[in-house]
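Please keep the sequence and the coordinates to hand while reading.

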Amino acid sequence: ARCGSLEQARDLLFAAAEAATPHDPDTAAVLLADVVEACFYLCDSASGLRAADRLADLTGPLASPTARLVGRMAEGFALVLGGRAGDGADLIRTAMAQAPDARATQDQWRFRWALMGPMFLREAGEARAAMADAVRTVRSVAAVGMLPFLLTRIARDSAGSDGWADAEAGYVEAIRLAQET
């Protein structure tokens, strides 16, 4: 469930990432990405930048493809939030250019990060087409529990452009699926 205190979530995720770093740096990177997401909603740029610094250390050449994608995406978001928009946008684009590994399509928390870049940057092109592909992928693997979250994200993106009819359809389907699951 996505509820509760964001401050508490941020602090718990930071602690979990700290504990995971020596034994499983890839998991630590994913946890820190979730820290960045909490910081985004809290408008906590200082903690987001602290997470970004840690992510930079964890997403080097020895990191898994998923850790690099998720970590670089989150690091870019944190840099934008912290006032370094140019550097952050470049990092997000770098992450978007990297194809997710096979695990990313099977794990909803990793998979969603591959979609967040185009929505965050609000750019047109191939990356935006990936969002429609993502919905098809989720439907094909019968990840019904993930669909409401994904559809809400895509509907929010459509509502921010001229795609109001698509936004309404996405929100209606997300609500219906959430009520059914």
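Is the crossing of α4 and α5 left-handed or right-handed? In this predicted model, the crossing of these two helices, α4 and α5, is left-handed.

**Chain and confidence**

- The protein chain contains nine helices and zero strands, and its pattern along the sequence accordingly reads α-α-α-α-α-α-α-α-α.
- Of the 181 residues in the protein chain, 43% count as buried.
- Among contacts in the protein chain with a separation of 6 or more, 57% are accounted for by residues 24 or more positions apart.
- The mean pLDDT of the protein chain is 83, with 80% of its residues reaching 70 or more.
- Confidence in the protein chain is highest in helix α1 (residues 6-20), at a mean of 96, and lowest in helix α7 (residues 126-140), where the mean is 65.

**Helices α4 and α5**

- The axes of helix α4 (residues 65-81) and helix α5 (residues 85-97) come within 7 Å and cross at roughly 160°, which means that α4 is roughly antiparallel to α5.
- On the α4 side the residues that meet α5 are Leu69, Arg72, Met73, Glu75, Gly76, Phe77, Leu79 and Val80, and their counterparts in α5 are Ala85, Asp87, Gly88, Ala89, Leu91, Ile92, Ala95 and Met96.
- By class, the residues in the contact of α4 with α5 comprise eleven nonpolar, two polar and three charged.

**Helices α2 and α3**

- Helix α2 (residues 25-42) packs against helix α3 (residues 45-58) at an angle of about 160°, with their axes 9 Å apart, so α2 is roughly antiparallel to α3.
- The crossing of α2 and α3 is left-handed.
- From α2, the contact draws on Pro25, Ala28, Ala29, Leu32, Ala33, Val35, Val36 and Cys39, while α3 contributes Ser47, Gly48, Ala51, Arg54, Leu55 and Leu58.
- The contact of α2 with α3 is made up of eleven nonpolar, two polar and one charged residues.

**Asp34**

- Asp34 lies in helix α2, and this residue counts as buried because its relative accessible area is 18%, where the cut-off for buried is under 20%.
- When residues up to four places away in sequence are not counted, Asp34 touches Leu13, Arg112 and Trp113.

Conventions: Residues numbered from 1 in each chain as written. Predicted model: local features only at pLDDT ≥ 70, side-chain atom pairs only at ≥ 80, totals over all residues. Heavy atoms only, no water. Helix = DSSP H or I, 4+ residues; strand = E, 2+ residues; numbered from the N terminus. Buried < 20%, exposed > 50% of the residue type's maximum accessible area, 1.4 Å probe, protein only. Contact = heavy atoms within 4.5 Å. Axes fitted to C-alpha atoms, helices over the stretch in contact; angles between N-to-C directions. Parallel < 35°, antiparallel > 145°, perpendicular 65-115°, else oblique. Left-handed = near helix turned anticlockwise from the far one by under 90°. Nonpolar A, V, L, I, M, F, W, Y, C, P; charged D, E, K, R; others polar. pLDDT = per-residue confidence, 0-100.
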